[in-house]
Amino acid sequence: MAPAKDMGPAEICEELDQIILQLFDALEMLQNKREAFNSLVEQGWFSLSKSRYAMGNKSVSTLQYGHQMTPLVRVRTCEKEKDQVEFDVIQKDAPKARSESEATVEDIGPSEQVLRQRKGPRKAESSDQPQEATSRPVEGSGHQDPLNWFGILVPQSLRQAQRTFQEGIHLAAEIASLQSEIEACRRRYHALLERKRNFVPRESSSCELLKPSLS
Amino acid sequence: MAGRGKLIAVLGDEDTVTGFLLGGVGELDKHRRPNFLVVEKETALAEIEEAFRGFLCRDDIGIILINQYIAEMIRHVIDAHNKSIPAVLEIPSKEHPYDASKDSILRRAKGMFTAEDLR
């Protein structure tokens, strides 16, 4: 892209055409992403309703929200061009549910080894147990999975709803980036149009510019 | 704060907010200030507008998700917002499907090609 100050009228017109093409590409992508996002959100509501049916009407509501909330998802913003921002989703470290399941897998191993060494000294066994007990609270102090607000054994539909909304969040970030691109295109277009008007004599420009709008 | 990324705020009906909080966007900061608002039938318009303006002012919020029918109630505030961050995304709700002709961003894009803009 040439700097706007050095442009002649023909270059400005070409640049305007380029911006329009870029804008329509962005609009088309936005429409596709929007459709995908809307269907994901609909799917999420459907899963939430199924969970309500399974758990009871009042079991999935605002009353169950946790007293402490730490975001597992954030967005990183970086400015690509002037006034054009790109949003990237940052997923935080694994929620508590996964670390628990990993811990249970690890617990099985040592306990089997202890059984094999039954004749061994008792002290080793007793010293292992407090170690496990102290390690658990450390794991629990991490991010809490929002699924746990609604119970420990939540239905599959609620897990499905969570996955769907997580996908939705990724799409939302892409949509936000596209919206920012469209806004940046719009600003550039207006700035260039203003420059074009200054170049082209008033009467000829008004004739040229009004033609497409009148037809 | 900037190194950790920004938050996603949600302003919507119960199911929309619950869904996105389940997805992991929720935060209660040390002052117990939430980054979401559940709009119910009895929620006052002033409260919605105040919450939305609050989200706009916070520098730790990158995207605001808002149900389109709620956005319609505070359209003047959304139209007046012309900064890139936070980005405002209008999303459908259970009772109100998404209508592109109401979306602020698309209306502005459409406005590029009117006779008024080409004067």
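Which element gives the largest share of the lining of the largest cavity? It is H4(A), with 4 residues. The views below come from a predicted model, in which local features need pLDDT of at least 70, side-chain atom pairs count only at pLDDT 80 or more, and totals for chains, interfaces and linings use all residues. Residues are numbered from 1 along each chain as its sequence is written, chains are lettered from A and ligands numbered from 1 in the order in which they are written, and side-chain values use heavy atoms, without hydrogens and water.

**View 1. The largest cavity.** The largest cavity has a volume of about 200 Å³. A cavity is a set of points on a 1 Å grid over the protein atoms alone where a 1.4 Å probe fits but cannot get out, and its lining residues have an atom within 4 Å of a point; the volume is the space filled by probe spheres set on the points, which are joined across faces, edges and corners. Of the 18 lining residues, A:Glu183, B:His81, B:Lys83, B:Val88 and B:Ile105 lie nearest the centre. By class, the lining has 5 nonpolar (Ala, Val, Leu, Ile, Met, Phe, Trp, Tyr, Cys and Pro), 6 polar (the others, Gly among them) and 7 charged residues (Asp, Glu, Lys and Arg).

**View 2. The second largest cavity.** About 70 Å³ of space lies here. Residues of both chains line this cavity, including A:Gln68, A:Trp149, B:Leu21 and B:Gly24. The lining divides into 5 nonpolar, 5 polar and no charged residues.

**View 3. A:Gln179 in helix H4 of chain A.** A:Gln179 lies in H4 (residues 156-199); helices are DSSP runs (H or I, at least four residues) numbered from the N terminus. Leaving aside neighbours within four places in sequence, A:Gln179 is in contact (heavy atoms within 4.5 Å) with A:Leu30, A:Arg34, B:Val88, B:Leu89, B:Asp103 and B:Ile105.

**View 4. The largest nonpolar core.** This core has 60 residues, a set of buried Ala, Val, Leu, Ile, Met, Phe, Trp, Tyr and Cys residues joined through side-chain atoms within 4.5 Å. H4(A) gives the most to this core, with 15 residues. B:Phe20, B:Ile63 and B:Leu65 have the most contacts inside the core. Beyond its neighbours within four places in sequence, B:Ile63 has contacts that include A:Val75, A:Phe87, A:Ala172 and B:Leu89.

Methods. Helices (H or I, at least four residues) and strands (E, at least two) are DSSP runs, numbered from the N terminus. Buried means under 20% relative accessible area, exposed over 50%, partly exposed in between (1.4 Å probe, protein chains only). On a 1 Å grid over the protein atoms alone, a cavity is a set of points where a 1.4 Å probe fits but cannot get out, and a pocket is an open set with protein on both sides within 12 Å along at least five of seven lines; lining residues have an atom within 4 Å of a point.
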